[in-house]
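Please view the sequence and the model first.

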Amino acid sequence: MAERKGFTLWFTGLSGSGKTTITNQLVKELRRRDVALEVLDGDIVRENLSKGLGFSKEDRDTNIRRIAFVANLLSRNGVPVITAAISPYREIRNEAREMMDDRFIEAYVKASVEICEERDVKGLYAKARSGEIKEFTGVSDPYEPPEDPELVLETESQSPEESAQQIIAYLEERELIPAAPVAA
Ligand SMILES: Nc1ncnc2c1ncn2[C@@H]1O[C@H](COP(=O)(O)OP(=O)(O)OP(=O)(O)O)[C@@H](O)[C@H]1O
Ligand SMILES: [Mg+2]
């Protein structure tokens, strides 16, 4: 197999928009193609690399800069990386973009606050509304959607499988992953 170029597929979107769900779908599909990759999921990073950080602007920025730092180390050595953190601030995402240049692929996981709140997978929106959680993105803290992302995933009208397929098509088109294996 020809050498593959590393890249960072950078998901951004509200809590409950579908970053983790689409990541899992994508990982399954990429494994089928023998693509070895690494995932930096917001929840897991916050339990490890960013343990102890809170949700102030400063701590959020630090968290995202750490994710970008690791994603850069891996992707510049040919490892595909998926990051799945809310990453609410445009400026910090753009820092990551500048660091990784054309290895950076921004994918906006799009869903309105209303829909995410209806889904409320983790029960966090209810806690944010009641004031139990402060500084909750989309409710009491800002979310800045990307202005010119490489991909927009319309999760209100697409299934996670369809979003994953949209991403696969894009990565194939850019020759960042091999074509689907032919069934034996
Ligand atoms: N098209 C879709 N794509 C992704 N998720 C969807 C879609 N339609 C419905 N869902 C549902 O939305 C929820 C998304 O939750 P998920 O944990 O993936 O969000 P998240 O963006 O990772 O949130 P967080 O930032 O809190 O980790 C899941 O329950 C999923 O089944
Ligand atoms: Mg998640």
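## Contacts of the ligand

A polar backbone atom of Pro 160 is 3.4 Å from a nitrogen atom of ligand 1. Such a pair is a polar contact (N or O atoms within 3.5 Å). Taken alone, ligand 1 exposes 640 Å², and the protein buries 80% of that; the areas come from the Shrake-Rupley method with a 1.4 Å probe.

A backbone N or O atom of Gly 16 lies 2.8 Å from an oxygen atom of ligand 1, and a polar side-chain atom of Arg 119 lies 3.5 Å from an oxygen atom of ligand 1.

## Basis of the values

The model is predicted, so local features need pLDDT of at least 70 and side-chain atom pairs pLDDT 80 or more, while totals for chains, interfaces and linings use all residues. Residues are numbered from 1 along each chain as its sequence is written, chains are lettered from A and ligands numbered from 1 in the order written, and side-chain values use heavy atoms, without hydrogens and water.

## Residues around the ligand

Around ligand 1 there are 18 residues, each with a heavy atom within 4 Å of the ligand. Ser 15, Lys 19, Thr 21, Lys 122 and Gln 158 come nearest. By type, the shell holds five nonpolar, nine polar and four charged residues, with Gly counted as polar. Helix 1 (residues 19-32) gives the largest share, four residues; a helix here is a DSSP run of H or I with at least four residues.

## Aromatic pairs

The whole structure has three aromatic pairs, meaning ring centres within 6.5 Å.

Terms used: A polar contact is a pair of N or O atoms within 3.5 Å; within protein, one must be able to donate a hydrogen and the other to accept it, and residues adjacent in sequence count only if both atoms are side-chain atoms. Helices (H or I, at least four residues) and strands (E, at least two) are DSSP runs, numbered from the N terminus. Rings of Phe, Tyr and Trp (its six-membered ring) pair if their centres lie within 6.5 Å; planes under 30 degrees apart count as stacked, over 60 as edge-to-face and the rest as tilted.
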